[in-house]
Amino acid sequence: MAFVFYRQLNSMDCGPVCLKMITHYHGKHFNTDTLRRLSGFNKEGTSVLGLSEAAEKIGFRTRGVMLNLRQLTEVSTPCILHWNQNHFVVLISIAYRRRDWKIKIADPGKGIIHLSKKEFLDQWAFSDDAEDEKKTGVALLMTPTPALYQEPDDKENNLNWKIILQYLTDSKWPIAQVFISLIATSALQLVVPFLTKAIIDVGINANNLNLIVVILIAQLSLMFGRTAIEFIRSRILLRISNIINISILSDFWVKLTRLPVSYFDLHHTGDTLQRINDHKKIQDYLTGSSLSTLFSIVNLTALSFVLLSFNSLLYLIFICGSILYVFWITIFLKIRRKLNYKSFHIYSKENNATLEFVQGMQEIRLNNAEQLKRWDWENIQTNIFKLSSKSLSYSQIQETGSLFINQGKDFLITFLTAKLVIDGHFTLGSMVAIQYIIGQLSNPVEQIVKFIQATQDARISLERINEVHQLPEEESPEIVYVDHLPENKSIYLEKLSFKYPGSGLRFALDDINIEIETGKVTAIVGMSGSGKTTLLKLLMKFYDYYEGDIRVGNSNLRNINPSFWRRQCGAVLQDGYIFNESIARNIAIGSEIIDYEKLLYCAKIANIYPFIDTLPNGFYTLLGVDGVGISQGQRQRLLIARAIYKDPEYLFFDEATNALDANNERTITENLKAVFSKRTVVIVAHRLSTVKNADKIIVMNEGKIAEQGNHADLTKLKGLYYELVKNQLELDGQTGS
């Protein structure tokens with residue numbers, strides 16, 4: 001089977017893409033997203049163990065080994081190598097021939113590369129102080145089993161230009177107007193060389209100044225006509241461009257909002273931001289390159305016939321020169337493609353680093369990490385500069401060759417035209433007209449070359465955008481969802497187990513069995529890392545790849561419409577976000593029309609109204625991004641008000657009052673009693689004051705249920721809950737009284 005190279009479309013996708021290349025080599029196709037999920041992919045990528053687990057699941061027998069160079073020549077290829085301690089590549093072949101090493105790898109970020117022994121060892125081996133023969137590195141060996149061929153292939157996500165072309169269908173009439181203007185402009189342009197010829201051959205030779213004036217007036221009229229048409233066309237193109245831009249980006253945002261919440265745990269923000277730039281490239285391609293090229297083709301065809309009518313030899317020289325020019329440009333397309341991918345990944349890293357630098361500035365300053373973080377950012381800028389320099393070098397080589405070809409062609413045509421004039425075959429007017437035609441023909445050829453390059457860029461951008469559009473949405477079309485709550489609204493967790501991608505064999509939750517009774521307050525306590533927040537996120541349908549069942553009454557939570565379920569849930573999470581909007585909009589975030597009485601009620605319940613009342617603009621005071629300008633306690637009270645404003649059936653609080661002082665916490669706890677009545681409430685907290693009055697307290701330890709009961713019963717047990725309370729209150733044996 002021939003080896004097929006695939007390129008990684010996200011900055012951390014190297015592992016799954018390597019696995020994709022090897023499965024394709026053995027005659028099977030799995031999409032990158034499938035392999036991501038199987039390999040325990042997260043924002044840090046995956047591990048050798050994760051890739052091994054994924055390969056085993058789809059039917060490979062795997063073995064992770066540490067080998068030296070000689071031993072590596074004896075293994076079956078292709079296999080996966082751990083590269084530079086932070087990357088994965090595929091070893092396609094390795095051999096020692098004619099006293100030299102022949103090593104061929106597929107790097108998902110760079111392409112298929114041939115390396116020398118030194119280059120290979122520098123990036124694969126990590127025993128720097130050892131001799132070359134003793135240096136070792138990590139390899140994941142993969143052997144297909146019959147089970148691989150029993151697995152159904154994924155549907156291949158090929159490029160789909162229909163996704164893009166459909167945006168043009170809503171602008172049929174404006175596009176038709178652009179086409180008409182292009183034809184009109186071309187027609188006007190065709191007249192110009194004949195008028196130029198007439199000025200010289202008829203007007204000047206006959207000393208007829210009146211005729212020259214008439215022809216010049218005609219040329220001036222044509223110029224004004226073309227300018228007017230260009231003006232109108234530019235406005236039409238702006239309108240089309242605006243419509244397409246809004247449509248493309250709007251659909252992209254719609255798609256993002258329909259993806260599972262877990263998608264944002266697995267992908268860097270920088271990758272998403274770079275895909276917005278990809279949309280811009282496609283918009284420019286549709287409204288700029290495509291239409292301009294159409295105009296160029298019309299001009300090229302019409303002017304070619306005019307040049308052919310003058311002299312076939314000149315036409316042949318022009319065509320041969322143009323073909324050579326296009327061929328020269330296409331030589332660099334492969335290089336441009338590699339640079340495009342490198343550019344995407346490095347600018348994605350820059351986006352992440354910049355966001356981290358800005359958003360984490362307080363922590364950076366507090367921990368005296370300014371210099372280290374700045375160095376990290378500067379290292380990325382250095383890599384950008386190197387990439388830009390490399391891109392500039394190739395661009396200069398390309399432009400030098402292009403200039404040589406074009407100028408050589410033009411010089412040859414000028415020489416032959418001048419000779420034809422001297423020999424009496426052409427008039428001087430014909431020569432000037434031909435020079436004008438050649439000048440006008442050069443622009444369409446250059447435009448077509450730019451179109452070829454723009455098509456390549458748009459194709460690469462489309463690959464990355466398609467990857468997002470092809471991802472399965474949170475609401476599967478194969479499931480008939482329930483859009484109502486059952487009579488019994490209690491939540492039942494049965495044999496529930498869950499582990500985060502990339503966490504290896506460790507379960508964050510292990511065999512959880514809980515009943516969360518409707519209309520009651522259930523508190524979850526435990527040490528940090530015991531699984532409390534994870535449990536809350538599963539209840540809110542953040543993740544669906546868990547074992548066991550979560551039921552609401554008789555309905556499986558997997559079968560309840562995610563959007564409907566979240567409308568029934570109000571939540572205060574530890575990382576709740578404050579938007580750069582007014583306080584009113586931050587509380588009533590999901591409401592188009594704000595209910596002021598309800599807003600006031602929620603603010604008073606959360607005990608944030610006294611603070612709001614002191615502000616000059618009250619509820620309409622604008623807040624900074626992510627709550628800049630307010631304290632952590634005020635932030636938490638806003639989030640509590642937001643959850644209550646939703647008026648949900650279920651309330652989930654994750655350390656909702658941990659930043660509040662004792663007085664505020666006491667007031668809010670009292671206020672919430674009325675809100676909690678007839679609602680199902682789950683509270684994750686450490687403070688005894690928050691949980692002691694709960695109807696049921698669940699104590700978690702290392703992902704498992706350690707104890708259940710109310711405060712009095714659990715205290716009498718003198719178990720884990722008793723220890724938590726005793727440590728918090730520092731009352732030793734007095735805790736049980």
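Is Lys255 buried or exposed? Lys255 is buried, at a relative accessible area of 6%. Buried stands for under 20% relative accessible area, exposed for over 50%, and partly exposed for what falls in between, with a 1.4 Å probe and protein chains only.

Before going on, note the ground rules. This is a predicted model, where local features need pLDDT of at least 70, side-chain atom pairs count only at pLDDT 80 or more, and totals for chains, interfaces and linings use all residues. Residues are numbered from 1 along each chain as its sequence is written, and side-chain values use heavy atoms, with hydrogens and water left out.

**Stop 1: Lys255 and Glu473**

Select both side chains. They meet in a salt bridge, 3.4 Å from N to O. Lys255 sits in helix α8 (residues 209–258), while Glu473 is in the loop between α15 (428–469) and β7 (491–498); the pair links distant parts of the chain, 218 residues apart. Glu473 is partly exposed, at 31% relative accessibility. A salt bridge here is a side-chain nitrogen of Lys or Arg within 4 Å of a carboxyl oxygen of Asp or Glu. By this rule the count comes to 12 salt bridges. Helices (H or I, at least four residues) and strands (E, at least two) are DSSP runs, numbered from the N terminus.

**Stop 2: Glu378 and Arg374**

Move to helix α14, where both residues lie four apart, about one turn of the helix. Glu378 is partly exposed at 31% relative accessible area. Arg374 is partly exposed too, at 35%.

**Stop 3: Lys489 and Glu649**

Next, select this pair. The closest N and O atoms of their salt bridge are 3.3 Å apart. Lys489 is partly exposed at 23% relative accessibility. Glu649 is partly exposed at 27%. Then select Asp13, Asp33 and Arg36: salt bridges with shared partners join them into one network.

**Stop 4: surface patches**

Show Lys110, Lys334, Lys338 and Lys390, which form a positive surface patch. Lys390 belongs to helix α14 (residues 370–422) and is partly exposed at 36% relative accessibility. Now switch to Tyr577, Phe579, Ile589 and Val625. They form a nonpolar surface patch with about 340 Å² of accessible area together. Phe579 is in the loop between β12 (569–572) and α18 (583–587), partly exposed at 31%.

Patch residues have over 30% relative accessible area and no salt bridge; like charges are joined within 9 Å, nonpolar side chains (Val, Leu, Ile, Met, Phe, Trp, Tyr) within 5 Å.

**Stop 5: the annotated spans**

An unreviewed UniProt entry lists residues 175–196, 208–229, 285–307 and 313–333 as "transmembrane region". Such annotations may be inferred rather than shown by experiment. Select 208–229: the chain there is 95% helix and 0% strand, with end C-alpha atoms 32 Å apart. Then take 313–333, which is 95% helix and 0% strand, its end C-alpha atoms 31 Å apart.

**Last stop: Ile329**

Zoom in on Ile329, in helix α11 (residues 312–331). Ile329 counts as buried, at 2% relative accessibility. From C-alpha to C-alpha, Ile329 and Lys450 are 9.3 Å apart in space, and 121 residues apart in sequence.

Conventions:
Accessible areas come from the Shrake-Rupley method with a 1.4 Å probe; for residues, only the protein chains shown count as cover. Lys and Arg count as positive and Asp and Glu as negative; His and the chain ends are not counted. The place of a charge is taken as NZ of Lys, CZ of Arg, CG of Asp or CD of Glu.
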